[in-house]
Amino acid sequence: MQPKDLMYTRSHEWVRVNGGKAIVGITDHAQAELGDVVYVELPKVGAVLSKGDVFGTVESVKTVSDLLAPVSGEIVQVNEKLPDTPEVVNEEPYDSGWMIELNMSKPDELGELMSSEQYESFIEEH
Amino acid sequence: MRTPLYEEQLRMGAKMTEFAGWEMPMYYSGIMDEARAVRRTAGIFDLSHMGEIGVIGSMGVAVLDILVTVDMCKIGVGRAAYSLMCGESGGIVDDLIIYRKSENEYLLVVNASNVKKDLEWIDAHKTDGADIVDRSQSTGLIAIQGPKSRGILAEMIPAEHIPAQRFRINDASIAGANVMIASTGYTGGPGYEIYCRMDDLVSIWNSATEIGNQFEAVPCGLGARDVLRIEAGYPLYDHELSESISPVEARLMWVVDLRKNSFVGKAAIQMQQSAGVDRLRVGLISEGKCIGRAGNDILVDGRPVGVITSGTFSPNIESSIAMGYIDKEHSDIGAEVLIETKNRRCNARIVGMPFYPVTVEG
């Protein structure tokens, strides 16, 4: 089950909104598909992203996958622990496995994201 | 297709993947954990997707002798051998294990993705007095691999039925089911493979995993199997092996017996060996967690000189390891290269294989 208080993308990122800020990570479904994560590459604080931009990569034993910005904004924080402990993306994808925090420049874009129920049926269909 | 263990595997938390038309476990707890367990204790694998072809009859040995690169005279009853089948031009049609079950009965274990092609290839070369039987759908296979595999097996069958040396087979009975125990595997460690009727697969799996528990063995998926075979430097068909790659390039001449009178591909392979080849299979270790992937270019001075065919992170030597083909002039051990991955360029060097020391004694 997906946490109900988050919003989701079709590329399997989640978004936790906190005022004008958004925390982004990958979903439990995404980490299970990837298998053991061995490397996470994240951008620098201050980078400015448009919705859909590649902001990093997550690399597992099996494959490499791009991380896509769910909304536009400037990066105000990245999870500095991930390069050394990438396995937390598998263990706690919604908590210590978070990846970036954005200062949203177009909060309206949140309307295009999926609710937990919508995401649940999306992954069942795909 | 599904093996009879499908439901049980889902119950055990398996993450499934599609492989050669079969839905098989990719992993249960995690690829890295499982690959570590096989080096430390043991792993138990359902490999029932593998292809099994029976070759029966007094002329079977003659048919096989024409098709495979090893000398069939050296495979006595109760023995097994790793071999290749090549085409006329020397390209590899498949790699396989040949088991000699009795005087006039062989079992070939081939890649799941190649069963149809292999059957046609063998049929095209068969003669009277040899029957070729596809047993892929009716044969189940469970592998127990790792230093504790012998201990686990000794709780399942009388110790005297366990093959005492590598590449041997014995008949045995597990929970009333007739099985063939082989001291073979694809992990580069000690281990056994249990061939059974597909109908008996569930009871043998339950027995193996239950006893395995006491030895801290874990169920393993195809993900760990791939990591382990790369650590051992073993090639995989469609990655390191194909019909456009010869045993000389793949550095598998140790299973090609050029003293044999004749076999399909001999002339081409002999010519390649004396003339030399342009590319060779090599092992590579890259810096940090920078993993080369199949299809990535290998660069020297910014120029592509080879291509990666398999890569993974090895949890047992804690390095990023890969195999690939590289121009002969750049294939020396110690040579520095770059691997161009999707998003990075990794510093790498050519190394000898296996990556993980192969120790087959349990």
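The model is predicted, and local features are reported only at a pLDDT of at least 70, side-chain atom pairs only at pLDDT 80 or more, whereas totals for chains, interfaces and linings use all residues. Residues are numbered from 1 along each chain as its sequence is written, and chains are lettered from A, with ligands numbered from 1, in the order in which they are written.

The secondary structure of chain A comprises 3 helices and 9 strands, where helices (H or I, at least four residues) and strands (E, at least two) are DSSP runs numbered from the N terminus. Read from the N terminus, these elements follow the order β-β-β-α-β-β-β-β-β-α-β-α. The radius of gyration of chain A, taken over C-alpha atoms, is 13 Å, close to the 14 Å that the globule rule (2.2 Å times the number of residues to the power 0.38) gives for 126 residues, so chain A is as compact as a globular protein of that length. Its C-alpha trace spans about 35 × 35 × 20 Å along the principal axes. Of the 126 residues in chain A, 41% are buried, a residue being counted as buried if 20 or more other C-beta atoms, placed from the backbone, lie within 10 Å of its own. Among the contacts in chain A with a separation of 6 or more, 64% are between residues 24 or more positions apart; two residues are in contact if their C-beta atoms, placed from the backbone, lie within 7 Å.

Within chain A, an open sheet of 3 strands has the order E4-E6-E7 with antiparallel pairing, and two strands are taken to pair if DSSP finds at least two bridges between them. The edge strands, each of which pairs on one side only, are E4 and strand E7 (64-68) of chain A. Neighbouring strands of this sheet are turned by 20 degrees against each other on average, direction ignored, with the axes being lines fitted to C-alpha atoms. E4(A) and E6(A) run antiparallel and are joined by 4 bridges, and A:Val40 stands opposite A:Val58 in E6(A).

Between the two chains, 12 residues of chain A are in contact with 16 residues of chain B. Strand E4 (37-41) and strand E6 (54-60) of chain A are the elements that give two or more residues to the side of chain A touching chain B, and E4(A) gives the most, with 3 residues.

Chain B contains 8 helices and 19 strands. The radius of gyration of chain B is 20 Å, close to the 21 Å that the globule rule gives for 362 residues, so chain B is likewise as compact as a globular protein of its length. The C-alpha trace of chain B spans about 65 × 50 × 35 Å along its principal axes, and 49% of its 362 residues count as buried. Strand E1 (residues 15-19) and strand E2 (residues 22-27) of chain B run antiparallel and are joined by 5 bridges, with B:Glu18 opposite B:Glu23 in E2(B). In this hairpin, which has 2 residues between the strands, B:Ala20 takes a positive phi near 50 degrees.

Technical notes:
Axes fitted to C-alpha atoms, helices over the stretch in contact; angles between N-to-C directions. Buried ≥ 20, exposed ≤ 12 C-beta atoms within 10 Å, placed from the backbone.
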